[in-house]
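Subject: Structure handover

Hello,

Please find the structure below, followed by notes on what was found in it. Could you look through them when you have time?

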Amino acid sequence: MAAMDFGQISRSEHLPARIAAKIGREITEGRIAPGEKLPTEHLLATTFGVSRSVVREAIAQLRNEGLVETRQGVGAFATEIERRQSLRIEQGDLANRGSFRDLFQLRIPLEVEAARLAAIHHTPQDLGKIDEALQQMTGAEKWTEQGIVADLAFHRAIAAATHNEYFLLFIGFIAERISLAINAARAAAILEEIVEVTIAEHVSIRNGVSARDPVQAEEAMRHHLNGAAARLDLTI
């Protein structure tokens, strides 16, 4: 495979989305051929100057868009053209507040049901992934870009714990589009308050799932998403 000059990107940008856009252009413009293996996670992280978890989120977005497929233990590959099926929402479309509200409304019932199913179907490995993301959120740099990636990883982990691939596909897609608003919510409120409230909401979701209590899990997720909407000044 020919070397690709992606170039490092600004820290002020939303890193996973920007990296996904750059790799996506390489695929759609043919510089990464259909069926070709992408550079390794380590190499991409080094090339872009970001952490491997940021690269993983970018690859997950490309998978949701139908441009990449991943093979366990092998790596990520550009999807063959005839197999590309994707639902696309351009980030610019969500600059319209009504469109953003509509997408957030769709997110709520999907994630509430995902939390309920995760409480029923999760495995110890699933709970480990949820706890890993939660630990990253509560780390010393929780509300840097890395914290946003961890927030996304938490919601993906809940979706994965349903053991229904379509929940993971659609929730991953919607959460990625909405994630840019996380910055807006934090900028509009006192940081410490956002930190405490948001982490407490995620802990409640995790505890409901861990207890295998579907009612507790779904109510905690509903409370979290309604709170997120309020912090974004959205009327749902």
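Helix H5 has a buried set made up of Asp126, Leu127, Ile130, Ala133, Leu134 and Met137, where buried means under 20% relative accessible area, exposed over 50% and partly exposed in between (1.4 Å probe, protein chains only). Viewed along the axis of H5, these buried residues fall within an arc of 125°, so they line one face of the helix; the arc is that of the directions from the helix axis to the C-beta atoms. The exposed residues Pro124, Gln125, Lys129 and Gln135 sit on the face of H5 turned away from the buried side. H5 covers residues 124-137, and its 14 residues should span 20 Å at 1.5 Å a residue, which agrees with end C-alpha atoms 20 Å apart. The expected span is 1.5 Å times one less than the number of residues. Helices (H or I, at least four residues) are DSSP runs, numbered from the N terminus.

Two points on provenance. This is a predicted model, in which local features need pLDDT of at least 70 and side-chain atom pairs count only at pLDDT 80 or more, while totals for chains, interfaces and linings use all residues. Residues are numbered from 1 along each chain as its sequence is written, and side-chain values use heavy atoms, with hydrogens and water left out.

Nonpolar cores

A nonpolar core here is a set of buried Ala, Val, Leu, Ile, Met, Phe, Trp, Tyr and Cys residues joined through side-chain atoms within 4.5 Å. The largest one has 35 residues, of which Phe104, Phe154, Ile158 and Met221 touch the most other members. Two or more residues each come from helix H4 (97-121), H5, helix H6 (145-160), helix H7 (165-178), helix H9 (191-210) and helix H10 (214-231). H4 gives the largest share of this core, 10 residues. There is also a second, separate core of 21 residues, which includes Ile32, Val50, Ile59 and Leu62.

Phenylalanine 154 is in contact (heavy atoms within 4.5 Å) with Ile130, Ala133, Leu134, Met137, His202, Ile205 and Arg206, leaving aside residues up to four places away in sequence.

Aromatic pair

How many aromatic pairs does a search of the whole structure find? It finds one. Rings of Phe, Tyr and Trp (its six-membered ring) pair if their centres lie within 6.5 Å; planes under 30 degrees apart count as stacked, over 60 as edge-to-face and the rest as tilted. For phenylalanine 100 and phenylalanine 104 the ring centres are 6.3 Å apart and the planes are at 45°, so the pair is tilted. The two residues are four apart in helix H4 and are therefore separated by about one helical turn. Phenylalanine 100 is buried at 9% relative accessibility, and phenylalanine 104 is buried at 1%.

Salt bridges

Side chains of opposite charge can pair when their charged atoms come close. With a salt bridge defined as a side-chain nitrogen of Lys or Arg within 4 Å of a carboxyl oxygen of Asp or Glu, the count comes to 12.

One of them joins arginine 156 to glutamate 57, with the closest N and O atoms 2.9 Å apart. This pair links distant parts of the chain, since arginine 156 is in helix H6 and glutamate 57 in helix H3, 99 residues apart. Both ends are buried: arginine 156 has a relative accessible area of 10%, and glutamate 57 is at 6%.

Helix H3 (residues 52-64) also holds glutamine 61, which counts as buried at 8% relative accessibility. Arg156 is one of the contacts of glutamine 61, along with Pro16, Ala17, Ala20, Glu176 and Arg177, again not counting residues up to four places away in sequence.

Glutamate 26 and arginine 31 form another salt bridge (3.1 Å, N to O). Glutamate 26 is buried at 12%, whereas arginine 31 is partly exposed at 46%. Arginine 101 and aspartate 102 are also bridged, at 3.1 Å, N to O. Arginine 101 is partly exposed at 32%, as is aspartate 102 at 40%. Bridges with shared partners join Glu26, Glu29 and Arg31 into one network.

Backbone

Two residues other than glycine have positive phi. Arginine 212, in the loop between H9 and H10, has phi near 55° and is partly exposed at 42%. Aspartate 233, in the segment after H10, has phi of about 60° and is exposed at 62%.

Regards
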